[in-house]
Amino acid sequence: MQFDALPETDPRLVALVEALNPAQREAVTAPPEHRLVLAGAGSGKTRVLTHRIAWLMAVENVSPHSLLAVTFTNKAANEMRGRIEQLVNVPVRAMWVGTFHGLAHKLLRLHWREARLVQNFQILDADDQQRLVKRVLKSLDMPEDRYTPKMVTGWINAQKEEGRRPHAMSDQGDYTQRQLVRAYTAYQQACEQQGLVDFAELLLRAYELFRDVADVRAHYHRKFRHVLVDEFQDTNTLQYLWLRLICGADGKIFAVGDDDQSIYGWRGAKVENIQKLSRDYPGIELVRLEQNYRSTATILKAANGLIAHNSGRLGKNLWTEDREGEAIQLYAAYNEYDEAEFVVQRMRDYLDGRGRYADLAVLYRSNAQSRVLEEMLIRARLPYRIYGGLRFFERMEVKDALAWLRLLANREDDGSFERALTTPPRGVGATSIEKLRAFAREHGLSLWKAARNGAAALGRTSGALGLFLDQIDLLDQQTRELPLAQKMEKLIERSGLKEHYKKEKGEQAEARLENLDELVNAAKSFERPDEEGIDPVLSFLTHAALEAGEGQATAGEDAVQLMTLHSAKGLEFPVVFMVGLENGLFPSMRAVDEGNLEEERRLCYVGITRARQQLTISYAESRRIHGVEQICAPSQFLKEIPTETLVETRPRAGVLRGSFGVQSGRGSYGGGAPRTGMGSGYEHGNAWRERQQEGYNLSRPALSSRMTAEVAFGGFKLGQRVGHPSFGEGTILSFDGEGERARVEIRFANAGTKWLMLSMAKLSAL
DNA sequence: AACGCCTCCTTTTTT
DNA sequence: AGGAGGCGTT
């Protein structure tokens, strides 16, 4: 039914579509056929997805049981749930809304028999998986330097993501290939024996379940009439195959995605799936959402201009009814410290009087870049939050405690057995464990059984080992009837983990103990069997693996946001700083070498389109990368952003850098240039354009002429290497003051960063 | 088992 | 530079 044909009498439906723009409306109210929605950044994609679901239920009488909605992250799934709930008066619980992995997991729990799994199978997270691969490689005597656990794990996952099983590829390929297949086979066998399923395996098993078990397939074909997919451009081969299989002949697919925001090719995502979808579902209609509700016209112009340099796009041009907005600020820093300082300065300008910290976001290409920014933010006393890093359920102490819980639930889990046996330490060392492993391998037993049956063969340590085995059985008995949280608490106590971490010193130790308490707390919400009647222990462990928690720091607090461009996808901020726009950093060296610039360009596009009102882009002329000072050329992406959207802001001699070296005139840019827009200390110029025209010559001198002209100070200049009798070697970061009171800031290689009186410090030029 | 030294590596991240 | 992990020493 089309919107035009809507019965005017139904106010609910009118309300549902009234607020939508024509393109959104077309997507939402389309007949129940296959649809591909090309949703540009900030074009209301989640809105379309949720309204589509509401529409299907209200107009096409689709039951919530017949809907399947898939996302990539838990966050997106939760958001979708929440918004559907707001929109329709139907218990969302009945609806299959979740991540690919979460839904696959649900299917496997329901059909564990048909999927040839054990009922209490457990999920391996990335870390568990790599540990297991490592043990497998050792057992196969494969040299660890040639076949690193990381590389082999990556390879195995890549195979799974292409839907390949070892037997289908055994006798082809070269020696290396055959070795890898051998590892894959052995790894898979270990998983089967121990009842373990890794992330990729969840998807592959769920796929095979549908492919191989006709009854199950038929059941779900009858059930799911509509399959809705979010972030379709991020699907990998296996996810796509699974979607097709689950749709069957009659199910209708509604895919929402954006080829311009495909930034996960490196982990197997296939943008081509968008084209594939059009081929596999001939007649599928394409809807473009191009009206943007997020950014100013200037920001969109920059984004459109940049992304136009990519080839093979489906094509899309974002537009807005919003005002033009401010120009994008471009800042040429002389190094990463200067860059960070500038960012902080601009933040202060913004915060002055208005604005929340959380309005501000700094986006960078690689995590290493956060350090200097952090340093400056601390110095400026601005609260900040860094995304990324270890999540709650990935922390060592948490994983240690969970290993005990897992071992109680499943004695065959060798990884948990080893972990529990060694933490806390109990006099069973590497040698004994190696012997135990050998014994287990020889007799085809789990470590648990090997220890039970062959402890005597281990000599002296058999005592400690025997105690451990008895302790596990005893703990199991004693905690069997306890509610989950109490069980967890008792385990943490009786395993000796609490004692163990109490002994550890430093501020980390305290945090560890707190995390263990928090773990008990987290267990509380899993004390009752869930909807499918699954045992609390299993659902808790599943939760731990599938939803490792938020990355770092307390959410919700008003703080400046620091994150990589990748983690910024899907977010938006009033004020965005995109830093480190240098060839070799962004685009990354690797991308340049491999000629994979298009994905990097999309990443840049994602960065630009995060900004609502203000966007500042910066690059440094020199930066320390992997401990070495390097001369950087501005990113080629800067050339690709339409000039008219940019205004260059540069440090103004004599203001930013204190009162040194104002003997400008020559070499100094825009001495009398009018100051525009900025709070203080900076001015605009066209130096960057001039430099652009010079081309990117890597052998160009380290600092541009303005540096040498402007920064000479007491015989020293910014960026210069100097020696100090007690602090050793360092680099001059900045100057302050004049004459007697002149001070210099130096970052020493071994003594940190210090401010020294220029007249006192016995500095020598290097 | 704990500690310290040495070598290696270094883009991006979710499940 | 800085972290991780391996390895040898106490």
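1. A phosphate oxygen of DNA strand B has a polar side-chain atom of R590 at 3.3 Å, a polar contact in the sense of a pair of N or O atoms within 3.5 Å. The phosphates of DNA strand B are also approached by T564, from which a polar side-chain atom lies 2.5 Å from a phosphate oxygen.

2. These values come from a predicted model, in which local features need pLDDT of at least 70 and side-chain atom pairs count only at pLDDT 80 or more, whereas totals for chains, interfaces and linings use all residues. Side-chain values use heavy atoms, with hydrogens and water left out, residues are numbered from 1 along each chain as its sequence is written, and chains are lettered from A and ligands numbered from 1 in the order in which they are written.

3. Around DNA strand B there are 26 residues, of which N74, R365, N367, T564 and R590 are the closest; a residue is counted as near a strand if one of its heavy atoms lies within 4 Å of it. Of the atoms of DNA strand B that come within 4 Å of the protein, sugar and phosphate make up 49%.

4. The surface near DNA strand B comprises eight nonpolar, 13 polar and five charged residues, where Ala, Val, Leu, Ile, Met, Phe, Trp, Tyr, Cys and Pro count as nonpolar, Asp, Glu, Lys and Arg as charged, and the others, Gly among them, as polar.

5. DNA strand C is surrounded by K134, R371, R624, H626 and G627, a set that divides into no nonpolar, two polar and three charged residues. Sugar or phosphate contributes 50% of the atoms of DNA strand C within 4 Å of the protein, and bases contribute the rest. A polar side-chain atom of K134 lies 2.4 Å from a phosphate oxygen of DNA strand C.

6. Three cavities of 30 Å³ or more are present, a cavity being a set of points, on a 1 Å grid over the protein atoms alone, where a 1.4 Å probe fits but cannot get out. The largest cavity holds about 60 Å³ of space, and among its 10 lining residues (those with an atom within 4 Å of a point) Y337, D338, E341, L733 and S734 are the closest to its centre. The lining receives at least two residues from each of α14 (336–351) and β20 (728–736), with α14 giving the most, three residues. By class, the lining of the largest cavity has four nonpolar, two polar and four charged residues.

Methods. Polar contact = N/O pair within 3.5 Å; in protein donor to acceptor, adjacent residues only side chain to side chain. 1 Å grid on protein atoms, 1.4 Å probe; cavity = no way out; pocket = protein on both sides within 12 Å on 5 of 7 lines; lining within 4 Å. Points joined across faces, edges and corners; volume = space filled by probe spheres on them. Helix = DSSP H or I, 4+ residues; strand = E, 2+ residues; numbered from the N terminus.
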